[in-house]
Amino acid sequence: MSKSRLDSIAELPNLSIDIASLEYDFRKTLKELGVRPNNRIVIGVSGGTDSMALAALCANWSDDAKKNCIAVIIDHDLRAESGTQANISQIELEKLNLKSKTVKIDKTKPTGNVQNWARNQRYQILLSEARSLDGILMIAHHQDDQLETLYMRLEHDSGLVGLSGMKMKRDYQAVSIIRPLLHRKKAELRAYCQNKNIYIVEDPTNTDLKYDRVKARNLLNADNILSSQLLQASIYFDKILRVFKGHCDAWCRENVKIDLPIYASFAMAEFICLPELMRTYLLQQLLWQIGAGNYPASANSMNIGLEKIAARK
């Protein structure tokens, strides 16, 4: 295990941050999201800067962190040092007065798109932990992550929903997923960890240019104007999306019949009269909810489906 990774926080410049302001903002954000200090919380932890800052903020906020919060570390077993790094993170979490556990994934790894596989495995474990505790899942996504996601979605023609960005609160598979740091920058979280003397470990793949997200990160770091424009655009897209979803919800209440657990029907004559954007969104969401997949189908898949529907008229 290289010293440069594990001791990286000690080598950072002395970053200035208003700790009290950050902790107050965290409490304020959770209150606005309807999360209370006595709620049961599952924190997704990698051991890196972002998740350790989230763990520390959560420990400071909770009425009884030792009782109400648990940090869950997922060991994907993709690197030889991953088990040792998980142990180091658990030691740091104990210093924060947080319970923690490590879950090791012992499934056969895929030959391609390992990051996507690892993300899906990680989320399923975290969601399962949250359901078992009747708790809320907290994830450490921050503003830099949001910008990278927006850039990648823009490249992949994600449409209105994708370009509105990640949400601070989302209900998925009977679990509330909270991202309370979406409006904070990574540099602030790094400074917070430094101020609190939190020992962090970083995944070397975070700087590996063979991954699209790393390429997007480097590009955005070099272009502050693009970053600002993306963030502003996502705010506008989100406002438009809320109105759009309202119209879609109203149409569904009027026209869609749900027969649990996996059947939905609607009048074809009514559906084909809708604007293309509404048809795409409604079909995508209905298939996603019925199929219970991790993510909705791509826009390209929806276009193929709509073409087949149109051919049956």
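User: How are H2 and H3 oriented to each other, roughly parallel or roughly perpendicular?
Analyst: Roughly perpendicular. This is a predicted model, and in it helix H2 (residues 19–32) packs on helix H3 (residues 49–61) at about 75°. Their axes are 10 Å apart.

User: Which residues in H2 and H3 meet there?
Analyst: From H2 you have Leu22, Glu23, Phe26, Arg27 and Leu30. They meet Leu54, Leu57, Cys58, Asn60 and Trp61 in H3. By type, the residues of that contact are seven nonpolar, one polar and two charged.

User: Switching to rings: how many aromatic pairs does the count come to?
Analyst: The count comes to six aromatic pairs. In one of them, Phe26 and Trp61 have ring centres 6.4 Å apart and planes at 85°, so that pair is edge-to-face. Phe26 sits in H2 and Trp61 in H3, so the pair ties together parts 35 residues apart in sequence.

User: Are Phe26 and Trp61 buried or exposed?
Analyst: Both Phe26 and Trp61 are buried.

User: OK, further along. What's the angle between H11 and H13?
Analyst: Helix H11 (residues 224–255) and helix H13 (residues 276–291) pack at about 70°, with axes 11 Å apart. That makes H11 roughly perpendicular to H13. The crossing is right-handed.

User: And which residues of H11 and H13 meet?
Analyst: Phe244, Lys245, His247, Cys248, Trp251 and Cys252 in H11 meet Leu277, Met278, Tyr281 and Leu282 in H13. That contact divides into eight nonpolar residues, one polar and one charged.

User: Which residues form an aromatic cluster with Trp251?
Analyst: Phe266 and Phe271 form one aromatic cluster with Trp251.

How values were computed
Residues numbered from 1 in each chain as written. Predicted model: local features only at pLDDT ≥ 70, side-chain atom pairs only at ≥ 80, totals over all residues. Heavy atoms only, no water. Axes fitted to C-alpha atoms, helices over the stretch in contact; angles between N-to-C directions. Helix = DSSP H or I, 4+ residues; strand = E, 2+ residues; numbered from the N terminus. Parallel < 35°, antiparallel > 145°, perpendicular 65-115°, else oblique. Contact = heavy atoms within 4.5 Å. Nonpolar A, V, L, I, M, F, W, Y, C, P; charged D, E, K, R; others polar. Left-handed = near helix turned anticlockwise from the far one by under 90°. Phe/Tyr/Trp six-rings, centres within 6.5 Å; stacked < 30°, edge-to-face > 60°. Buried < 20%, exposed > 50% of the residue type's maximum accessible area, 1.4 Å probe, protein only.
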